Amino acid sequence: MTSMRRSEFLVLASATACAAFTGGAAAQSFPSRPIEIVVPVAPGGGTDIVARAFAEVARKYLPQPMVVLNRPGASGAIGMQEVLNARPDGYKVGLVYSDLAILPGLKRVRFSSDDFNMIALLNADPGSVVVPVDSPWRSIEDMVAEAKRRPGTVKLGNSGPGSIWHMAAAAMEDKVGAEFLHVPFTGSAPGLAALMGNHLEAVATSPGEASAYVQGGKMRILAVMAEERASDFPEVPTLKERGFDVSVSVWRGLAVHHSTPAPVVATLTEVARRTAEDPAFRDALARASLTFTYADGDAFRALANHDREVFRQLIERLHIE
């Protein structure tokens with residue numbers, strides 16, 4: 001090795017060591033400033049509620065607060081891409097949900113769950129079909145019969161093109177043999193507001209997201225898309241009970257860029273575990289009729305990867321674009 005090459009090598013080695021030290025020191029001091037939780041849907045829906053409940057309770061277990069940022073659009077792609085575009089230092093955490101498993105199958109994004117480090121699953125809820133309380137449809141059979149009578153005109157709202165509730169509505173459409181007019185929004189909350197304004201005839205969403213309207217006597221749930229009835233709405237039948245083999249659920253949890261340093265991931269994982277175990281977090285979800293469901297990072301990743309394949313097959317079979 002010449003003296004010049006040796007000098008260059010020493011400079012490079014020194015720079016690498018400094019970078020490693022700096023990264024390690026940054027991880028050890030994490031977090032030294034507020035952490036942003038990016039919610040890829042509009043405020044007010046279930047995903048937003050989970051994020052805000054988590055951020056509030058997590059204050060007990062972090063020296064810095066968590067701040068919720070809503071970045072709606074493109075069925076969650078805008079918000080999730082923002083997390084991947086950010087520096088992978090743990091200060092931008094995604095509240096990812098089922099659309100992360102759907103978007104790759106639609107070929108609308110270049111990322112998937114493989115690009116994230118999944119921290120923890122926090123919630124999972126079935127789909128449902130909601131109508132205004134004064135709707136003439138008293139059962140899901142009534143709605144299906146109307147859709148068959150005037151195909152392609154019954155306005156069924158969802159949380160965006162290619163979103164989990166668009167997939168749920170498409171799966172139901174396939175099984176009941178009817179054609180709906182799918183109307184997309186930037187989340188469930190805007191869709192439910194449109195339903196209240198009589199701009200829609202029904203909305204596909206989770207029971208929890210519609211619970212305030214249902215409990216307030218403004219809406220009715222015709223059916224849930226689950227194996228069993230929802231505990232908060234035991235009077236509502238499942239689609240399977242009515243002879244329609246449809247079971248679609250939404251899940252929600254925390255994820256960061258896959259290159260986030262391991263010590264930072266470990267800190268976020270521990271905070272997620274302690275927050276999930278806190279009765280205050282579970283109570284916040286229960287008040288919103290959202291189901292607490294916890295899984296660690298490995299199990300969460302397995303769920304996301306499994307659903308990615310399920311939705312890929314559904315998209316191809318139904319030719320959803």
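This note goes through local features of a predicted model, point by point.

1. **Ground rules.** Local features need pLDDT of at least 70, side-chain atom pairs count only at pLDDT 80 or more, and totals for chains, interfaces and linings use all residues. Residues are numbered from 1 along each chain as its sequence is written, and side-chain values use heavy atoms, with hydrogens and water left out. Helices (H or I, at least four residues) and strands (E, at least two) are DSSP runs, numbered from the N terminus.

2. **Helices α2 and α9.** Helix α2 covers residues 46–58 and helix α9 residues 262–277; their axes come within 10 Å and cross at roughly 100 degrees. That makes α2 roughly perpendicular to α9. Axes are lines fitted to C-alpha atoms, for helices over the stretch in contact, and angles run from 0 to 180 degrees between N-to-C directions. Under 35 degrees counts as roughly parallel, over 145 as roughly antiparallel, 65 to 115 as roughly perpendicular and the rest as oblique. From α2, the contact (heavy atoms within 4.5 Å) uses F54, V57 and A58. From α9, V271, A272 and T275 take part. By class, the residues of this contact are five nonpolar, one polar and no charged. Here Ala, Val, Leu, Ile, Met, Phe, Trp, Tyr, Cys and Pro count as nonpolar, Asp, Glu, Lys and Arg as charged, and the others, Gly among them, as polar.

3. **Aromatic pairs.** Rings of Phe, Tyr and Trp (its six-membered ring) pair if their centres lie within 6.5 Å; planes under 30 degrees apart count as stacked, over 60 as edge-to-face and the rest as tilted. By this rule the count comes to five aromatic pairs. One of them is F30 with Y91, edge-to-face, at 5.0 Å centre to centre and 65 degrees between the planes. F30 lies in the loop between α1 (3–28) and β1 (35–39), and Y91 in the loop between α3 (77–85) and β3 (92–97), so the pair ties together parts that are 61 residues apart in sequence. Both F30 and Y91 are buried. Buried means under 20% relative accessible area, exposed over 50%, partly exposed in between (1.4 Å probe, protein chains only).

4. **F281 and F292.** This aromatic pair is also edge-to-face: 6.3 Å centre to centre, with 80 degrees between the planes. F281 belongs to helix α10 (residues 279–287) and F292 to strand β10 (residues 292–296), so the pair ties together parts that are 11 residues apart in sequence. F281 is buried, at 0% relative accessible area. F292 is partly exposed, at 24%. F54, F281 and F292 form one aromatic cluster. F54 is also one of the α2 residues in the contact with α9.

5. **Around Y91 and F30.** R33 lies over the face of Y91, at 3.7 Å from the ring centre. The rule asks for NZ of Lys or CZ of Arg within 6 Å of the ring centre and within 35 degrees of the ring normal. The peptide bond from F30 to P31 is cis, with omega near -5 degrees. P31 sits in the loop between α1 and β1.

6. **Helices α3 and α4.** In α3, the buried residues are A77, G79, M80, E82, V83 and L84. Their cover includes β1, β3, α4 (99–106), β4 (116–132) and β9 (249–257). Seven of the eight residues of α4 are buried, so this helix is largely enclosed by the rest of the structure. Those buried residues are D99, L100, A101, I102, L103, G105 and L106. They pack against α3, β3, β4, α6 (164–176), β9 and α11 (297–318).

7. **Positive phi.** Most residues other than glycine have a negative phi, and most peptide bonds are trans. Just after α4, K107 has a positive phi of about 60 degrees. A74 is not a glycine, yet takes a positive phi of about 55 degrees. A74 lies in the loop between β2 (66–70) and α3 and is partly exposed at 48% relative accessibility. N198, also not a glycine, has a positive phi of about 65 degrees. N198 lies in the loop between α7 and β7 (202–205) and counts as exposed at 57%.

8. **T186.** T186 lies in the loop between β6 (181–184) and α7 (188–196). T186 is partly exposed, at 41% relative accessible area. Which residues does T186 touch, not counting those up to four places away in sequence? They are V41, A42, P72 and S159. T186 and P72 are 114 residues apart in sequence and 6.0 Å apart in space, C-alpha to C-alpha.
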